Each structure stands twice: as C-alpha cells, then as structure tokens.
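Student: Can we go through this one together? I'd like to start with the pockets and then move on to the packing.

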Amino acid sequence: MILPVKRTAIFLILAAALPTAARAAPRAKGSTPPYNVLFIISDDLTTTALSCYGNKVCRTPNIDRLAARGMLFTRAYCQGTYCGPSRASFMSGYYPHATGELGYRNPRPRIGDRAMWPELFKNAGYYTARVSKIFHMGVPGDIERGSHGADDPRCWTERFNSKGPEWKAPGEGETLERNLDGKKPVMGGNTLVVVEALGGDLVHADGKTAAKACELIEKHKGERFWLGVGFVRPHVPFVAPANYFEPFKPYSKLQLPEQVPGDWDDIPKAGINYKTDKNMQLDVRRRKKALGGYYAAVRYMDAQVGKVLDALEKAGLADETIVIFTSDHGYHLNEHGFWEKVSLHEESAKVPLIISVPGKKPGVCDSLVELLDLFPTTAALCGFDAPKRLQGKDISALLDDPTREAREAAFAVSPMQRGFLLRTKKWAYIQYGEDASRGIELYDMERDPKQFTNLAGKPECAPLVESFKKRMAAKLREVRANDLGLMKRRAPRRRQTSQAETAASRRPARSGT
C-alpha cells in the first residue's frame, strides 16, 4: 500500500536512517576539492516503490540510508519517458529535441566531439568507468548477451558489462501478460514476466554489477574517479533470488492503486499508455503478482546498492565522493490501468533523485529539477567550468538551501506518443503533437495529485490552456536554439572544440565483462 507522505514525514524517515558514518569531515575554508563521482542508476524505477518516498510495503533500507545523508528531491523529472532518449539526454547534456535523438541510439553522431558527462571528467584526468547500463542497453537482450548496447566508448577509461540469465534463470517463473489460459511459457522481450529464481545475488546481472563496482572502488581509491553503476532491475523481467519475493506473499494481500470508473474518458487516445490492463489481459491476480514481482526486483536492487555504499565507506571514500542515485524515468504500477513507462503522467515522468555531497547537510528539496541538471551540477561541485552549451542547470545551490527554486517548470517528452509535458508545482500540462492537435491534458496537482480529472476541456480553463500552449512552443524554440542547430542534418558538421573538451579525449576505453 502506498500512502501520501508529507515533506516533514519524509524528513523524519530519512533522519531515522542516518548512520554515524554519514557525518563528513570538515573542509578547509574556501577549498573546493575535486570529489569523486559515484553515479548509481536504476532502470524503470518509480518513486512510489521506495520507502524513503513513502512506500510502506516495499522497504528499501540502503537507498533510505543514502537519502538520510543526502538531499532527496521530491520533484525531479526525466527528459524522456523511456530509456533511450532519457539516457542520451542526461549523458550528452541536451534535451532530446535538441539532438533529435528520440530513440535507442548513442547521441555521439548528433553531437560530434563535444564532451559528454563522464568524458568531461575523463578529460580532466579522472579515471572513468561504467559497469553495466548507463547509456541505453536492451533489457533483457543486451544483458543476456553481455553486449555494449548504445554505449559511448569515448566516455570511459574502462567499461564492463554484466551478463545475466534474465528470464531464463532457473526457478519458478510465469508470463503474466496475454496469458489468461496459462499456456505461455516464460519468455523474453519487454514482457511482464516474474521469475522467483534459484541461487543467490551473484547469479544475476545486478549482483555482478555490484561486485565489479566494489572491486573498482577499492582498486582506484588512490585516484579521482567518475564511476557509473547501472542496475537493470526493476526493468522486466521481474527476476530476483526467491528470498526477495517472500515479504510480498501471498500476492493477494497487496493493494493495487486506486481506480475510478471512466478514468480514460477524458484522456486523449494518444495519452492511453502502450501497456494497460486491457491490452495485456491482466486479471486482478496477475496485476497483484506483477506488483509483487516489481517490489521484489526493487528490494534486490536495493541490496546491491547497499553493497556499493559499503565498499565506498570501507575504502575510506565516503567523505570524498559525491553519490547520486536516480532512475532513467518512472514506471506505472497499474495507476489508471497503465503499466510500465512512456506515459507522461506523474508516475512515469517523475524520478527518484538523491544527491549526497560531503559536508552538505541532508534534507528534502521540493524544487522542480531535471536529470539534465546532473552534468552541470557535478561539474560545478568538482570545480570545473561546465560548458555553456549544456541545457541543464547547476542546482548545487539547492544542496545548501533546499527552499530555493531552480526553475518554474520541468520539461519532458514522450516521442513514442509525440507527447510533451510542462510540469509546474501546481499544474501538469501535457499535449500530443507539437501543435497539440492530438489532444491535451491539464491537471491541478494540488487538488488532484493522482490525475483523475483532465481540466483541459473546461471552459474556465481555456485561458490557462492557451497560456501553456504558448509556453510549450517557446520551450521547444529554446530547446532547439543551441550550438547543434535544429538537427536537420543526418550527421553533425565537425567543429573546433575547446581545449577543456578535447584534452585526453583520445584515450580509448578498455572493455571488460
């Protein structure tokens, strides 16, 4: 059961989890030491599944303890509501409609020699490495093969893939979608599959990812590093060692999100998500098992996060390392009858975000922020001049004063739906088509946080809708007014790059497994 939690209640939850080790050593006055960056990203993770965001059923003690020593953001949004465009965006520093990278490819051909996020640190002398999925990888396909997906080798000193059995893992498995007669075997692809697997954590990709990350932290503790740790759970298949499922059994006890009759009646056709109860033929039993499988995958991922945080503390680097935890986008767990990502509704567009910086006080920040902000923020915290071309904002001031506001609205897109979101503190405005010809949604997020009543068609809201349409058009113009041009070319014109962006960028990455 997921209950609404007030800001003060979240802070109390986090304070209770704060360990003694979280207290950072004081820094010399005026000094700005070049911190390490540990970037931990989960795949397809919604805020509603984390106990530090208020979930009372799915306990995530390791993510909670990071939140207890860092800044937890309650209004963080992705820039693309599925893996490819989201990851290409925050890694490159550009909105999806700036680069035109709206699918599942590497953004490098669109940006040329411009340094991406870890590449900027590599150029400054950092050891940079990724373990598993940082840029887009197909899950389960690239995980089964142990392949690089849409990775960018220029970003890394070394890179490592974590191969896992995924849906083929031995254990008790069931395909839930379009399987009312129960005759379908367990299968791969982007399919709702639950596997209560035999064996321990290291059988699966995320266990291997945590082990390799711990090894790299110990090995490189004597140098500055930017380490990306990509966990693929809770992306389907919902596979984890069987013990992680036990807290959620019997699945029949789980409570599904609130449903209202006629919920789809005021949602434009373009806004009905690609995965729903109806088109996946999910009865109540299967919905509840899917929810339990997702929670089990989250608990398994949380345990791996704990191992990485433990390794950082064991290496004596907790007071020298910026730690970020987030997801590439959110996820629907039956809200509105929707499942998975792509939708621009709140559960899919909003992401968990925790930033822990040595010497900064823990807290909760309600400002609107974007994943695109991570690149310039970490650059600033480490004393680098972030390239002015970056489209995100330096939000490091919020770490000192969480009452400040970074922006009036967050911007996200769903290219699959030709959808665009402007999220202010009070309103969620969604339009389908750049001219809004495919439909509009407008929600009062203060009175209707679950987005049950679309106000776009109300006569009294017509002026507000027109205002948002103009704001959206202006935002798209702003996004496209960049040093890349309007991205009408198939390949970018080579340009002269700054010394800061090119220094040491020619070192090839070494591949690992």
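**Pocket, sheet, helices and cavity**

Tutor: Keeping in mind that this is a predicted model, we can begin with helix α14, which gives the most to the lining of the second largest pocket, contributing 5 residues.

Student: What volume does the second largest pocket have?

Tutor: The volume of that second largest pocket comes to about 270 Å³. Its lining consists of 15 residues, and the closest to the centre of the pocket are Tyr 95, Lys 393, Ala 409, Lys 475 and Glu 478.

Student: And how do the residues of that lining divide into nonpolar, polar and charged?

Tutor: The lining of the second largest pocket divides into 6 nonpolar, 2 polar and 7 charged residues.

Student: Back to α14, then: which strands does it lie across?

Tutor: Helix α14, spanning residues 462–480, lies across β14, β15, β16 and β17, and it runs at about 70° to β16 (427–432).

Student: In what order do those strands form the sheet, and is the pairing parallel or antiparallel?

Tutor: The sheet is an open one of 4 strands in the order β14-β15-β16-β17, with antiparallel pairing. Its edge strands, each of which pairs on one side only, are β14 (410–414) and β17 (440–444). On average, and with direction ignored, neighbouring strands of this sheet are turned by 15° against each other.

Student: Over how many bridges do β14 and β15 pair?

Tutor: Strand β14 pairs with β15, which covers residues 419–423, over 5 bridges in the antiparallel sense. Within that pair, Ala 412 stands opposite Leu 421 of β15.

Student: Switching topic: at what angle do α2 and α10 pack?

Tutor: Helix α2 (residues 61–69) packs against helix α10 (residues 284–314) at an angle of about 50°, and their axes are 7 Å apart. The two helices α2 and α10 are therefore oblique to each other. On the α2 side the contact includes Pro 61, Ile 63, Leu 66 and Arg 69, while on the α10 side Met 301, Val 305, Leu 309 and Leu 312 are among the residues that make it. By class, this contact of α2 with α10 has 8 nonpolar, 2 polar and 5 charged residues.

Student: Which residues line the largest cavity?

Tutor: The largest cavity is lined by Arg 69, Gly 70, Met 71, Ile 355, Ser 356, Val 357, Lys 360, Lys 361 and Leu 399. By class, that lining has 4 nonpolar, 2 polar and 3 charged residues.

Methods:
Residues are numbered from 1 along each chain as its sequence is written. This is a predicted model: local features need pLDDT of at least 70, side-chain atom pairs count only at pLDDT 80 or more; totals for chains, interfaces and linings use all residues. Side-chain values use heavy atoms; hydrogens and water are left out. Two strands pair if DSSP finds at least two bridges between them. Axes are lines fitted to C-alpha atoms, for helices over the stretch in contact, and angles run from 0 to 180 degrees between N-to-C directions. Contact means heavy atoms within 4.5 Å. On a 1 Å grid over the protein atoms alone, a cavity is a set of points where a 1.4 Å probe fits but cannot get out, and a pocket is an open set with protein on both sides within 12 Å along at least five of seven lines; lining residues have an atom within 4 Å of a point. Grid points are joined across faces, edges and corners, and a volume is the space filled by probe spheres set on the points. Ala, Val, Leu, Ile, Met, Phe, Trp, Tyr, Cys and Pro count as nonpolar, Asp, Glu, Lys and Arg as charged, and the others, Gly among them, as polar. Angles under 35 degrees count as roughly parallel, over 145 as roughly antiparallel, 65 to 115 as roughly perpendicular and the rest as oblique.
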